[in-house]
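Subject: Handing over a two-chain model

Hello,

Here is the structure I promised to pass on to you. Please open it beside this email, and then read on for what I found in it.

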Amino acid sequence: MKQLIAILILLSCFCSRLYADIVVIVHPKNTAILDVFDIRQLFLGKAKSYPNGIKAIPVNLTSGHAREIFNKQVLQKSNSQLKAYWAKLVFTGRGVPPAELDNDQAVINMVLRNQDAIGYIDQRSLTPEVRVIAEFEGDLNGR
Amino acid sequence: MKVWKFVLFFLIFSSPILRAAEISVNGFASVRGGQILQDDAHQNPRLPDMYNDEYFTLTDESLFAIQGRVDLQHKLSATVQLVAHGSENFEPEVKWAYLSYQLNDNHALHVGRFANPIFHQSEYELVGYTHNFSRLPKSVYFGFDFSNVDGIKLQSNFLIEELYLDTHLSYSSWQGDIFNVSTAQSYDSELNDIFNFSATLSGENWQLFGGYLSGGFASTEWDSQLIFPLIDGFNAASGSSLSEQEVQLIKAQLGADDNKGEYAYMGANIEWAKWIFNLEYVEYQLKDSFDSLNRGWFTAVGRRLGDFVVTYHHEVYLQSANGYPQANSMQSDAEKLITKQTIDILNQREMYMDVVSLRYDFHPSAALKADIFVGNDKREQVGSFVGYSFGLDIVF
């Protein structure tokens, strides 16, 4: 019985490593309600403002699992597809990609400093000061 | 490589004057080598900037580019792009230099020298990383000399429910040399009053696009150094006794100067699961001149396989005299014959190519690419040809 419990605990640890959630966060005073399509348009530069007309400032993570999950689940593009997408816009003068920050804490700080900012972080880094507007589950093994 | 212009570029964009402004520097580069394998009995098809010698070369398609953008605040920005082509001894050239004013979220105004979207991918034609081909199909992306123009353009975008519409409207002019494939020489030319409108409608996994350009062509060199000597030569060789008036009539009918050029394109891109489909059709002509209707198109199917993309595409370029309408107003057989001979010698080619390309995204900002192409040029002296290339495309 003890062996079975140990195996189950091990399995649960293993499973928790298979999946990681990311959360899309905004300033607590930002009342925007966004679905995945709205978030995608903001991060692809196709929409510049929240539905209430206020200009949005999306911020990306430079790299890491959260970014990969966000690219895959929300933007539905691989890293290279996204790079090619932005290269087309940059080299035609149509837009510039969102600013990139190094880690979750930097994104949280940015969101807390700026009511118009929108970013995403690993759910494990979530702090109560920010408002979560969407949550996505990512299969890290599927990278 | 003439690097001093790039150094100057960096110095300017890192100068204290601009330190307070928001500056972004991006760039792209391609290093590609290849060769067209043609036997001694046939001529090289002489595709623009692509392996016109019989040897392997890394020069023809390689290029380096750097672009700086300074946000001058209050919705104003300035952009400069330098490009150094291997085919031009890597001499850096200012391709773009324009000021932009963001009118609102949907509209931006640009003034200066900018890319001329003759066809759908013309604006980023040189940025190899943006597409899965080793190079964009030559039957459509022919390396037009007037790919950068001076003028004003309005770029707009609209999010309509789940559709995204991107439009471009510009008025511009261009002055420079235009290369003629038949003679392999360039002639001083101008395009004035260039009106260009293009639109791209996008859904989740698809795009429909189209565009139209018209401009007034002016070049006395095309007439005096190329077309008229040909007419005089054919007239002399025919032994006919055409009057000066009749010869002038032919010249007026076939001359290039002061005529209107028209360019149009349409096509679609679809991504479904891991499949990619591309289609683009273009046609263009210098109206009321020696130039017969040019048509080009390609169809491509690709498949993503992890970090690899395999693409097959078929491309066609046709320039058909189509019954020689220029000869309709001619009275005598001699006039008609000389008209047809002149048109025939100036018409370019009928060409088909089948290409298999492989892209490997081995790095977040770089892709390795290779291709094998098999073509058939209907000019007797060229015939069928085979070639290959491989190289590296990066963006930063």
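Let me start in chain B, where B:L208 has B:A268 in strand 10 as its bridge partner. Before going further, please note that this is a predicted model, in which local features need pLDDT of at least 70, side-chain atom pairs count only at pLDDT 80 or more, and totals for chains, interfaces and linings use all residues. Residues are numbered from 1 along each chain as its sequence is written, while chains are lettered from A and ligands numbered from 1 in the order in which they are written.

**A run of paired strands in chain B**

Helices (H or I, at least four residues) and strands (E, at least two) are DSSP runs, numbered from the N terminus. Two strands pair if DSSP finds at least two bridges between them. Strand 9 of chain B (residues 206–218) is antiparallel to strand 10 of chain B (residues 259–272), with 12 bridges between them. Strand 10 of chain B also pairs with strand 11 of chain B (residues 275–286), again antiparallel and over 12 bridges. On that side, B:G261 faces B:L286 of strand 11. The hairpin of strands 10 and 11 of chain B has 2 residues between the strands, and B:A273 takes a positive phi near 50° there.

Strand 12 of chain B then pairs with strand 13 of chain B (residues 308–319) in the antiparallel sense, over 12 bridges. Here B:T299 has B:H314 as its bridge partner. The hairpin of strands 12 and 13 of chain B has 2 residues between the strands, with B:G306 at a positive phi near 65°.

**Two helices that pack**

Two packed helices are described by the angle between their axes and the distance between the axes. For helix 3 (residues 220–238) and helix 4 (residues 244–254) of chain B, the axes come within 10 Å and cross at roughly 140°. Axes here are lines fitted to C-alpha atoms, for helices over the stretch in contact, and angles run from 0 to 180 degrees between N-to-C directions. Helix 3 of chain B contributes B:I227, B:F228, B:I231 and B:N235 to the contact, and helix 4 of chain B contributes B:V247, B:I250, B:K251 and B:L254. Two residues are in contact if their C-beta atoms, placed from the backbone, lie within 7 Å. By class, this contact has 6 nonpolar, 1 polar and 1 charged residues. In these classes, Ala, Val, Leu, Ile, Met, Phe, Trp, Tyr, Cys and Pro count as nonpolar, Asp, Glu, Lys and Arg as charged, and the others, Gly among them, as polar.

**Cores**

A nonpolar core is a set of buried Ala, Val, Leu, Ile, Met, Phe, Trp, Tyr and Cys residues joined through C-beta atoms within 7 Å. A residue is buried if 20 or more other C-beta atoms lie within 10 Å of its own, exposed if 12 or fewer, and partly exposed in between, with C-beta atoms placed from the backbone. The largest core has 37 residues, of which B:F119, B:V140, B:I227, B:V282 and B:F290 touch the most other members. A second, separate core of 24 residues includes A:L34, A:I69, A:V107 and A:I121.

Chain A has 5 helices and 5 strands, in the order α-β-α-β-α-α-β-α-β-β along the sequence. Of its 143 residues, 29% are buried.

The contact between the chains takes 18 residues from chain A and 24 residues from chain B. On the chain B side, strand 1 (22–37), strand 5 (107–115) and strand 6 (148–160) are the elements that give two or more residues. That side divides into 11 nonpolar, 9 polar and 4 charged residues.

One residue to look at is A:N79, in helix 4 of chain A (residues 79–90). Leaving out residues up to four places away in sequence, A:N79 touches A:N71 and B:P364. A:N79 counts as partly exposed because it has 18 C-beta neighbours inside 10 Å.

Happy exploring!
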